[in-house]
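Biologist: I have a model open and want to learn to read it. Where do we start?

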Amino acid sequence: MTPQPPPEKPDPQAQFHTLPEEELFSVLGSSPNGLTSDQAQAGLLRFGNNDISHIRKVPVILQYLGHFKNLLIIILLIAAGISLFVGELTDAVIIFIIVFASVTLDFFQEYKAGEAADLLRQKILTRATVLRDGKEQDLPITELVPGDLVRLTAGDIVPADARILTARTFYVNQSSLTGEPFPVEKQPGVAGAGTPVTTAENYIFLGTSVVSGTATALVTKTGVSTEFGKVAKTLVERPPETEFERGLRHFSYLMSKFVFFLVIFVFFINALLRHGILESLLFSIALAVGMTPELLPMILSLNLSKGSVAMSKKGAIVKHPESIQNFGSMDVLCTDKTGTLTQNEIALVRHLDTEGNDSENVLLYSFINSTYDTGLKSPLDDAILKFRHLDIDRFHKIDEIPFDFLRKRISVVVTDGDKRLIIAKGAPEEVFRICSQVDRNGVTGPLTEAVRAQVEGIYQAQSADGFRTLAVCYRVVPGDVTQFSVADEKEMTLAGFVTFIDPPKDTARESIRQLEHAGIELKILTGDNELVTRKICEEIGLEIKGVLSGEDVEHMDVQTLSRVVENVTVFSRMTPVQKNRVMMALKKNGHVVGFMGDGINDAPSIREADVGISVENAVDIAKESADIILLKNDLRILSDGVLEGRKTFGNTMKYILMGTSSNFGNMFSVAGASIFLKFLPMLPIQILLNNLLYDVSESTIPSDNVDESYIMAPKKWDMDFIKKFIVIFGPISSIFDFITFGILLFFFVADAAFFQTAWFVESICTQTLVIFVIRTRVVPFYNSRPNRLLTASTILIVAIACILPFTPIGSLFGFVPLPASFFAVLAGLVISYLIIVELVKRWFYKKYASITDRKTA
């Protein structure tokens, strides 16, 4: 068949699943040897990259304009327009400059954070095995085009919409697209006309996952043309709203309401008492902007970007930067055992008969089963095949019954001369269920209760020694049987056991100690048995509070499980559904839950967790489901991630506490001043400049150091604590503002310009310098050293505020030079203010910190 060039564009409505194979190759310009590199390159130019994330890619100019959607920014622009309309050209220009400077700064920081996240995500691009130029190549899925031939095996993510050409026991989980709870079998063939593509047995979809078997498929649609692309989905989705994000949203609502009522209140006081409507409106709007923590998105972006980069340097890729915040809140980490706590370098140790002696027959049956298993290959299969090569040429495969996570076993059917055998291996509990006979020294007899107890004792002894154990069984089947299913796994003869060892990682013990020290409880959710898991826990130094089996979990209602999970450390023989139930019970109890795993069966749990963690050598579906991927075989990275999350949270809270308490105090100050002053306490343009300078000093908070004592416990959003902080520390600021007003009016007999200039300087000095007190719980505050950048930016802004009235630029804002005596008074006010805040801080944390710590611990 002569390859044809790819068509200009495949018909998006083309029914590829109903076309005969010859016609399918013709339509897609491909052949059984796949595409050439030249054809693929031409296809990329025509179809674009196979990346549906481009659906959400917004042009840079639109990203920039999106920052103007802020309600307060819109109001401010309207105010500038009004100023321009009434001839206040200077005010209008300065407002425009400040608005555009603020928006540009916010956009730049967010854009940088987005670019950093994109660069990190590129390191974990999913790859696919593709037939190009007649040979198999490992390529990023973004380079696939219609007409490519791809090879798929268990654990892969389907890289594009494709038609099945060949398949062996090929099962796909497409629940993310169709909602089907169980894997579906896919096989070659031609679907009948009118068959919906989502139900076609010969068609697979981008983003679904291969559960077992192997297949060759012809790519038919890529990128936005796929079924996932039509609904604008991506393989790497943003996680559901987290507790931190919910708290942030509630905080934003609270501040919006607060600012709205403030604007109305101040506007009517000024407009009704003595000032013009326009002047009062501009003043109220400017005050609202100054009181809103509008830098919060930028502070978060900077924090998350900084945390992502720090994590990448330590050997972890952060796919979703928001998950760093959740790391700081995580107080329970659930983890699979194999490959996460253990080295996943499994070696076969023993091959035992039903009396506990080494048996060549058991090894032979295991070797045959692992050799002919074309489905879900596990490290245990590799260990069997590596242990010793056996000659099995006389055995010929007929069929297999693939592994699944409910049966927990795999069966193959082979011929041995004129005899047919079905050979199964798997979890001993599941193999025992299908056995009615036992092989003892080559003699087959009934599996009586006494014999069962004896072989179970062998299994328990191996498990207690820390060995992973599989049971092996067989049955001779009639020669006329040609098709086999799970129903044929019955009346089997138990042959014996194969045992394996998977030692714990060298860093497991230390990492668990670090997690415990950080206030994080570790829970093991494993498909393995209790005894093996207990042995591993003993070796890594993990204290076991209780053990629960998957069967126990299955029979518990939600209320019972929620009560029991708190006192259980090891959950054994768990299915993915049961793991999810445990995590949902923990979250229902108020915990922030992380999950770490590396296998196909871990993927649902990784998604369900607040923080999903995987490792570099995990299967594709596990890595795609994760928020964080560890690139090093070192679990200590986990504790580093937790500390980064708490630092991020801590610096975010510094901005919130400092900004809101200061703004709350300013509200009282402005409201009081508006009542008794004959002029505005500060011009609108001065308020905006004050806000801009304050924001610049605050922008360095993400670089600040965080106290060691703060990051030693999980942190969660606590609105009650924030409200108490605002109500207590805000009025302190107002008291010193009123003292300043009194000194200006009665000591300096200040006119409007003098008063406005002096309060501007005092306001900048107090609200910026107080960061050194509020940023830490340590008393006295100077024992906690701030970052040099924060110190420099704070001092710089204070210097600018003090010098500005003496410059020509200052006159543009209505400032006048201040006498030296004022600065002497200012120094006394600032020092007194910081001392009072420090004393109140000591009292405040003694009274409220214990309550807050209990909530966040």
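Modeller: Start with Ile264, which lies in helix H8, residues 243-273. Helices (H or I, at least four residues) and strands (E, at least two) are DSSP runs, numbered from the N terminus. This is a predicted model: local features need pLDDT of at least 70, side-chain atom pairs count only at pLDDT 80 or more, and totals for chains, interfaces and linings use all residues. Residues are numbered from 1 along each chain as its sequence is written, and side-chain values use heavy atoms, without hydrogens and water.

Biologist: Is Ile264 buried, partly exposed or exposed?

Modeller: Buried means under 20% relative accessible area, exposed over 50%, partly exposed in between (1.4 Å probe, protein chains only). Ile264 has 35%, so Ile264 is partly exposed.

Biologist: What about disulfides?

Modeller: A disulfide is a covalent bond between the sulfur atoms of two cysteines. The cut-off here is a pair of cysteine sulfur atoms within 2.5 Å. The structure holds 0 disulfides. Cys802 is in none, and its nearest cysteine sulfur, that of Cys765, is 4.0 Å away. Cys802 is buried, at 19% relative accessible area.

Biologist: In what order do the 8 strands of the open sheet run?

Modeller: Strands of a sheet pair through backbone hydrogen bonds, either parallel or antiparallel. Pairing needs at least two DSSP bridges between two strands. The order is E8-E23-E22-E21-E9-E18-E20-E19, with mixed pairing. Strands E8 (316-318) and E19 (547-549) are the edges, each pairing on one side only.

Biologist: How does E19 pair with E20?

Modeller: E19 and E20 (residues 570-572) pair in the parallel sense over 3 bridges. Ser549 stands opposite Ser572 in E20.
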